[in-house]
Amino acid sequence: MNDVREDPAGAMDDVEAVTHAVLTASRLLVAVSARSLAEVEERVTLPQVRMLVVLATRGATKLVTLAELLQVAPSTAMRMIDRLIAAGLADRQTNPTNRRETLLQLTEEGRHTVADVTARRRAEISVIVERLTPKQREALVDALTAFNEAGGEPLAPALDDAEPYPLGWVDTPAAYEV
């Protein structure tokens, strides 16, 4: 059943048509993301890349905080980080302000992996966007901005921003618990 309504200005609002278009676009974006991971997929899984991105954007983080940010159990986060450490992409260090705590962070290779995946993803999205007319681009920016705001997702950074959120995870106050 389509949920078609009319707004006060008389414009039709077809929730099913919009949902269908967003699902189709999400399929395209998942494919872009998967292709951006192609060069690292033998070393890391998509959930592990997500963990790398969280560490890249948050810096040294406690395991419990990392698990909360990823919305996984601490035991799952521990298994994931163990695999990343074995791959040379992350490491553990003792918290200098509380020797009983361990902090997790990226290695240089881990930072390079995140930057590489993000650059490939950005390049492929740029190729797709270049196929649109300027008017379509403007409409897409407006529509996606509204969609992201409705979903509570902050804007992705500009290419030259110092603190990137390359795969779009929300910055929450819990992220700063160390």
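What span should the 13 residues of helix α2 (residues 46-58) have at 1.5 Å a residue, and how far apart are its end C-alpha atoms? The expected span, taken as 1.5 Å times one less than the number of residues, is 18 Å for α2, and the end C-alpha atoms lie 18 Å apart, which agrees. The model is predicted, so local features need pLDDT of at least 70 and side-chain atom pairs count only at pLDDT 80 or more, while totals for chains, interfaces and linings use all residues. Residues are numbered from 1 along each chain as its sequence is written, and side-chain values use heavy atoms, with hydrogens and water left out.

Helices (H or I, at least four residues) and strands (E, at least two) are DSSP runs numbered from the N terminus. In α2, the buried residues are Gln48, Val49, Met51, Leu52, Val53, Val54, Leu55, Thr57 and Arg58. Their cover includes β3 (61-62), α3 (63-70), α4 (74-86), β4 (90-95), β5 (98-106) and α5 (108-130), where contact means heavy atoms within 4.5 Å. Glycine 59 follows α2 and has a positive phi, near 80 degrees.

Helix α3 is largely enclosed by the rest of the structure, because six of its eight residues are buried. These are Leu63, Thr65, Leu66, Ala67, Leu69 and Leu70. The buried residues of α3 pack against α2, β3, α4 and β5. Just after α3, glutamine 71 takes a positive phi of about 55 degrees.

Strands are paired if DSSP finds at least two bridges between them. β3 and β5 pair in the antiparallel sense over two bridges, with lysine 62 opposite leucine 103 in β5. β4 and β5 also run antiparallel and are joined by six bridges. Threonine 94 stands opposite threonine 102 in β5, and a hairpin of two residues connects β4 to β5.

On the surface, Leu140, Leu144 and Phe147 form a nonpolar patch with about 270 Å² of accessible area together. Patches consist of residues with over 30% relative accessible area and no salt bridge, like charges being joined within 9 Å and nonpolar side chains (Val, Leu, Ile, Met, Phe, Trp, Tyr) within 5 Å. A salt bridge is a side-chain nitrogen of Lys or Arg within 4 Å of a carboxyl oxygen of Asp or Glu. Accessible areas come from the Shrake-Rupley method with a 1.4 Å probe, and for residues only the protein chains shown count as cover. Phenylalanine 147 is found in helix α6 (residues 134-151) and is partly exposed, with a relative accessible area of 46%.

Definitions and conventions. Buried means under 20% relative accessible area, exposed over 50%, partly exposed in between (1.4 Å probe, protein chains only).
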